[in-house]
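Have the structure open while you read.

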Amino acid sequence: MKKISKKNRGIVLVFVLVVVLAMSTMVLFFQNRTRGYIDVLSASSRFQNMDSLAEIGIEIGKEIIAIQQSLETSSISADRIWPKEKIYEAEGMNLHVTVEDENGKINPNRIFGEEKGEINGVLQNIYNVFFAVTGYPETLRDSMLDWIDEDDIPRQNGAESFHYRTEGLPYTPPNRKFYTAEEILLVRDCTEEIFYGKDEDEEEKKGLVNFVSIISDGKINVNRCSPEILNAMGFTSANVERILAEREGKPLAERDIMSINREAYTRNRNAISFKSSYYCISSKVTDREGREKMIKAYIRSDDKKTDILRWTMI
Ligand SMILES: [Ca+2]
């Protein structure tokens with residue numbers, strides 16, 4: 001069991017106390033009813049109680065973001081490895097909180113501007129080269145863009161409604177931005193193995209979900225993104241090594257990246273940032289019987305405030 005901060009431990013304890021109280025009151029109230037009725041009720045209350053713990057997980061995630069944001073700029077000893085993961089145990093339930101930096105990823109939604117036909121060419125180029133660098137299928141690369149773009153004309157390696165109908169699928173591309181990352185699983189040639197990656201123990205490929213965001217502002221934070229994305233921007237392997245080594249000590253600023261590779265930086269400048277404000281918090285609760293509840297919240301957080309942009313319960 002990992003250490004829980006005093007504040008979090010307090011929250012969890014108060015929460016557990018409330019639930020235990022509520023449950024014992026219920027049991028007392030219904031003690032004369034049939035056993036089966038009580039079982040049904042306690043099972044449903046168990047689910048509510050899992051929901052509440054999952055919501056606490058989101059609050060813990062927001063706290064992690066705030067602490068990390070201040071630590072990483074003020075302390076040289078800050079742990080700058082992302083994503084952040086915390087595991088807690090309470091009353092036989094397991095709470096697993098993961099915080100991912102959405103500005104460390106490529107957002108295909110942002111390749112398309114607000115105006116009709118408006119394209120962010122710099123981001124599109126990073127996206128295309130990224131697929132080449134990592135070896136994900138070109139058909140998936142183009143089909144994801146066809147999924148978003150408003151026309152029904154397939155790209156060279158893409159797929160529009162005709163393809164999905166021919167495959168006998170009950171859906172066609174919605175021609176709008178991805179609403180959740182998991183929606184990518186519906187796109188032509190996206191398998192679970194591609195999306196989630198293979199087993200890490202076997203040191204196999206990382207999943208696409210680690211590189212693609214659907215919520216960020218389209219800027220990629222060079223202080224947090226993966227080496228594969230830096231490669232896709234045109235930084236050489238030697239450049240990438242230097243960036244990773246330097247950003248471990250302190251966040252890089254524009255002048256630092258300029259001194260590493262001015263040409264690559266200048267070409268991608270419009271898609272690069274040095275700070276993050278978009279995050280995804282996943283909070284998963286597992287009970288003794290192995291039942292799971294998961295909440296995923298997309299967050300925008302800057303020095304002034306933290307807002308939940310979108311929230312899904314799985
Ligand atoms: Ca389309």
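In which sense do strand E1 and strand E2 pair, and over how many bridges? They pair in the antiparallel sense, over seven bridges. Two strands count as paired if DSSP finds at least two bridges between them. Helices (H or I, at least four residues) and strands (E, at least two) are DSSP runs, numbered from the N terminus.

Keep in mind that this is a predicted model: local features need pLDDT of at least 70, side-chain atom pairs count only at pLDDT 80 or more, and totals for chains, interfaces and linings use all residues. Residues are numbered from 1 along each chain as its sequence is written.

E2 pairs with strand E5 too, again in the antiparallel sense. Here are the two pairings:

| Pair | Residues | Bridges |
|---|---|---|
| E1 and E2 | 84-90 and 93-101 | seven bridges |
| E2 and E5 | E5: 278-286 | eight bridges |

Glutamate 89 has asparagine 94 in E2 as its bridge partner, while threonine 98 is partnered by serine 282 in E5. The hairpin of E1 and E2 has two residues between the strands, and glutamate 91 there takes a positive phi near 50°.

Now for the helices. H8 (residues 237-249) and H9 (residues 254-268) pack at about 160°, with axes 10 Å apart. That makes H8 roughly antiparallel to H9. Axes are lines fitted to C-alpha atoms, for helices over the stretch in contact, and angles run from 0 to 180 degrees between N-to-C directions; under 35 degrees counts as roughly parallel, over 145 as roughly antiparallel, 65 to 115 as roughly perpendicular and the rest as oblique.
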